[in-house]
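Have a go at each one before you read the solution.

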Amino acid sequence: MKERSVSVRNGDFQVDVLEGGSGDPLLYLHGVAGLEWTPLLEGLANGHTVIAPRTPGFGESTGTEKLHDIHDLTFFYLDLLDELGLDNLPIVGHSLGGMFAAELAATQPARFSHVALAAPFGLWNDASPVIDLFSVSLPELAAAMYADVKSEVAVAIATAPQARMTEVDPATDAGQATIGYLVERSKSMSTAAKYLWPIPNRGLSKRLHRVRQPALVIWGESDGIIPPGYAERFASQMPNAAVHVVPDAAHMVVDEQPNHVVGLIESLLAR
Amino acid sequence: MKIEMFHLCPYRDLPEDFREKNRSVWVDVPRSLFDAEIASRTYNETLDELKYAAEVGYDGICVNEHHQNAYGLMPSPNLMGSVMARETKDVAIIIMGNSIALYDPPIRVAEEFAMLDCISGGRLVAGFPVGSAMDTAYGYGSNPSQLREKYAEAEELILRAWEEEEVFSFDGKYTQLRYVNLWPRPLQKPRPPVWVPGAGSIETWNTCIDKGHLYAYLSYSGYKRGKQVMDGFWKVANAAGVDNPYHAGFLQLVCVADNEQELHDKYAAHTEYFFNKMLHIYPGFADPPGYRTIDTIKAGLMAQTTSFGRADTKELSFDELREAGNVVAGTPSQVTEQLEQVSKDLRIGHLMLLNQFGSIPHELAKENIRRTAQEVIPNLRHLWSEYEDHWWPQNAIVRGGVSAPAATPAD
């Protein structure tokens, strides 16, 4: 895997892009939790060149202040794809990235050969609300994200420091690490808030019918962030979409069951 | 120095077990606890208390804006200010203020404040708060990551609407108006003074210094923690060559009685009601992402003052709250001495006092208002007399110093 920084719109944005594997390109858009080279991407890289940009506002990717709403974000990503010379490729998005992928596929359907959405945000059902991602306590958040709340990663989230409550000693390495962590979380969560606050509905249902490509909607069976009932809601508006609910997984289905999800995406691409 | 009475108009009748049974006094506080008969009484008593404060010698009266909560029942402080503009004749009417980022278009605030300034005969202070996270991000659904930008744009629009002589167009990111042409315009020229209430964010200090607005630190953490914040403000101010104490305001809870026994008997339970019930806020509502800027988070962490207000969940007693400086309670001379110390230490030209807070009932609130106004305030006015107050409404009263406590009106 290689990481590079790509300039978009003459330096308005400086975007980290992770790239690995070989074969035809595949675009992956990460979720609210951020971007790492995970087993899912490693699995997809077995047959594809996986290209995974980090959304402005996350990590070192800059320019989030130039993005006001979901439309700005969509056109930013189209500019990035132009910059990278990418066309006619599959797009896979998880969580917030799933919402972005759906918007991109609806805006330029011809550009994307296949669409896989894993637990995407973007629709709203009064009878079955999406969690209030920004006000839940960390233990509640961890339990909503992971099917196995005792897993190391779930425990880490449940017990992470909180800016309002944490006393740190800036003179120590540990203190600096905590400050770095809290600053990054504030930065990435306020970026997510641009597209999700206060209700994660920016009118996608008016555009989703344009996602006509072979498509797959993947959901973790016990997703507590976005209830699995949303899978059908998405698929019913996309003319060529199938639904697959993955057992023993919640919102972080792409990390919890990476092999299963890789298999699902491979069979989608064979369609 | 100027001393103003601040009223929050709290819901005074929450049940004893409120804290145990509910997670928050704000945002999702159960509607079943709201009784409109109680609210009706509360509004009228609050208006009476504000009027009374004006009559017995306060320099100004302050009201503010909050939404979806039992802590302060004034979603529209302008309605209270409107009554006060008629019920009082000389004090400053300090609307502290309107959360300008919440109004679409924000010109509404420019209009209502202009009306209030005209009705009151030029006695209005225009407060421009960003607003608490609970009010703005949750109560009004405003995106916390865009709130400050929206605020800055609204402020620019309102000030231009007051000050510019010609009709103009405004092409903002959040507000577009082809014609901005304010009718009415404020009586004060070029406009009412602007006060900005803050809770200690760096950006607010900078804005106040850059634009010449008064900075009012409104917090219940008391003068001991307030010192840290005001030191931060004055550091920024001094760097810009500003040192006038009237540039700053500070809020303090005050109760006055003749002795310790009386203080406890009269005020302990009501003070505890305020700190333990009115500030019982679910932490998830207090700090949504983007509400505090990265610089403020970093500065807070660096200074290790992150648990401002009431981050801990422990109940506090009256004695602990006095000890920590959250409430200034004592005999008139003790209170005078402490407030003088606070004003000097924090370099405060505008002291905003809460005499009614928590569940303090009407008659006791009036007693506290009267005693503070007559036995404390006259002995503080001489402070900072060497400075000029550029933040006072043009037609509001400027009362004399030590010599002339106002007469007690018939109750």
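**Exercise 1.** Which residues in α3(B) meet which residues in α4(B)?

Solution. Keep in mind that you're looking at a predicted model.
- Step 1: on the α3(B) side, pick out B:Asn78, B:Gly81, B:Ser82, B:Ala85 and B:Arg86.
- Step 2: their partners in α4(B) are B:Glu112, B:Leu116, B:Ile119 and B:Ser120.
- Step 3: sort the residues of this contact by class, and you get three nonpolar, four polar and two charged.

**Exercise 2.** Work out how α3(B) and α4(B) are arranged: roughly parallel or roughly antiparallel?

Solution. 
- Step 1: find helix α3 (residues 77–87) and helix α4 (residues 107–120), both of chain B.
- Step 2: their axes come within 9 Å of each other and cross at roughly 15°.
- Step 3: angles under 35 degrees count as roughly parallel, so α3(B) is roughly parallel to α4(B).
- Step 4: for the handedness, note that α3(B) passes α4(B) in a left-handed crossing.

**Exercise 3.** Decide about A:Ser188: buried or exposed?

Solution. 
- Step 1: look for A:Ser188 in helix α6 (residues 173–196) of chain A.
- Step 2: a residue is buried if 20 or more other C-beta atoms lie within 10 Å of its own. A:Ser188 has 23 C-beta neighbours inside 10 Å, so it counts as buried.
- Step 3: leaving aside neighbours within four places in sequence, A:Ser188 is in contact with A:Gly34, A:Gly57 and A:Phe58.

**Exercise 4.** How many residues does each chain bring to the contact?

Solution. 
- Step 1: chain A gives 23 residues and chain B gives 22 residues.
- Step 2: the side of chain A that touches chain B splits into 13 nonpolar, six polar and four charged residues.

Technical notes. Residues numbered from 1 in each chain as written. Chains lettered and ligands numbered in written order. Predicted model: local features only at pLDDT ≥ 70, side-chain atom pairs only at ≥ 80, totals over all residues. Contact = placed C-beta atoms within 7 Å. Nonpolar A, V, L, I, M, F, W, Y, C, P; charged D, E, K, R; others polar. Axes fitted to C-alpha atoms, helices over the stretch in contact; angles between N-to-C directions. Helix = DSSP H or I, 4+ residues; strand = E, 2+ residues; numbered from the N terminus. Parallel < 35°, antiparallel > 145°, perpendicular 65-115°, else oblique. Left-handed = near helix turned anticlockwise from the far one by under 90°. Buried ≥ 20, exposed ≤ 12 C-beta atoms within 10 Å, placed from the backbone.
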